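Welcome to this short tour! Open your viewer, get ready to select residues, and follow along stop by stop.

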Amino acid sequence: MAVGLKEIASDLNLGLSTVAQALGGRGTISPRTRRLVVEHAAKLGYTPNRLAQRMRQDRTGVIGLIVPDVVLSPYVEVVQHLFQMVEAKGLELQIALTEFYSSMEDRAFKSMLSSRVDGVIAKVGFHRWEDVPGDHYLRRARDMGVPVVLYSNPIAGSGLPHLIHPMFESVKLVVRHLVGLGHRRIAAMVPAVKPFGGAMQGWLTAIREELTRIAPDVRLQIVGLPMGTGDEEGPRGVFKEYVNQNHPQHAIPAGRYLYRQAMSVAEPPTALIAYADPVAIGAIFQAQAEGLKIGRDVAIAGCAQLATSHFCPISLTSVDRRPRVYAEKLLGMLCAHIDPKTRPGAPGTDEVEPLLVIGESTVGG
């Protein structure tokens, strides 16, 4: 049975408040009494009730983080950096995973509010405030004045601060690189079934905008996955609902398929851009199996460097989205909105400048 303050006070014949102050490092208790209480508490195996302590404080020292997943995903490095940064500040990080389900996002916010976190960093699926259900705990968080900083995408009409995800600027860097190498037939490989979702549509729009700006003569080909039942082997044979573009089990066969589709036209592209690096690696595997020299016969690039990107058989041209800087900006923005002194001037948005990483996959000889 857990040992509480009452047991310690009774054993030592001290008042409850004296024991609480001694263990909390407060009050004007003598060093001898404080040492006696601390030693006896350790002997009994006492651990403080953090939830009860939080309820008695205006600030709990706990930061909430809500993300869809952390397995082979672009979130994992940001999460790791956030954990280290929060710990360095003497705070705690409470993490919830939602797997892109609105119901789990609602439950995550409910859990954060019940834990009385000081603020939340969240990646959610809503794009418009009007789409957030009236009883969703994200609405309650905003109404209660709990600071929420959105990870990667704004919710139009919410007024919530957000950090701009460098996805669109990343692919523009890749486009400029390929155009600069002289490519005039480029394919965009999208690991999804049409109609593509909002993020993928935005990614394609960024490609079109950059080509219009710097090379309107470039022919852009867009390839996606076929509709499937989820029962067959291949790109959509893992999950019926979607292809996880960051998981090798999904992405490698998807990349192979998308490469074959792109190269099946009369005038195939000389360069291909993948929505995710693991998809680009799958395309490279397929091109190598067909005897092509990557970087000379065909250029293949990703646009978001992950830890798994380094498993590519050759160095992959991609983009470093600087996850540590991203984590710093997320936490800095949230802390600015938590602190009453800085809240009035706290930024509503910020962004990270991505860095192009050039590898053999586009310039190999």
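Start by selecting helix α12: Pro-323, Tyr-326, Ala-327, Leu-330, Leu-331, Met-333, Leu-334, Ala-336, His-337 and Ile-338 are buried there. Buried means under 20% relative accessible area, while exposed means over 50% and partly exposed lies in between (1.4 Å probe, protein chains only). Helices (H or I, at least four residues) and strands (E, at least two) are DSSP runs, numbered from the N terminus. α12 covers residues 323-338, and its 16 residues reach 22 Å from first C-alpha to last, close to the 22 Å expected at 1.5 Å a residue. That expected span is 1.5 Å times one less than the number of residues.

A word about what you are viewing: this is a predicted model, in which local features need pLDDT of at least 70, side-chain atom pairs count only at pLDDT 80 or more, and totals for chains, interfaces and linings use all residues. Residues are numbered from 1 along each chain as its sequence is written, and side-chain values use heavy atoms, leaving out hydrogens and water.

**Next stop: the sheet**

In what order do the 6 strands of the open sheet run? The order is β2-β1-β3-β4-β5-β11, with parallel pairing. Two strands count as paired if DSSP finds at least two bridges between them. Now select β2 (92-97) and β11 (349-351): each has a single partner strand, so one side of each has no neighbour in the sheet.

Zoom in on β4 (residues 148-152) and β5 (residues 162-164), which pair in the parallel sense over 3 bridges. Here Tyr-151 stands opposite Leu-163 in β5.

**Then: the nonpolar cores**

A nonpolar core is a set of buried Ala, Val, Leu, Ile, Met, Phe, Trp, Tyr and Cys residues joined through side-chain atoms within 4.5 Å. Which members of the largest core, with its 28 residues, touch the most other members? Select Leu-272 and Ile-300. Helix α10 (248-262) is one of the elements that supply at least two residues of this core, and α10 gives the most, with 7 residues.

Stay with Ile-300 and show its contacts (heavy atoms within 4.5 Å). Leaving aside residues up to four places away in sequence, Ile-300 touches residues including Tyr-259, Leu-272, Ile-284 and Leu-316. A second, separate core has 27 residues, among them Leu-173, Val-179, Ala-188 and Phe-196.

**Last stop: zoom out**

The protein chain has 13 helices and 12 strands. Of its 365 residues, 48% count as buried. Its C-alpha atoms fill a box of roughly 90 × 40 × 40 Å along the principal axes.
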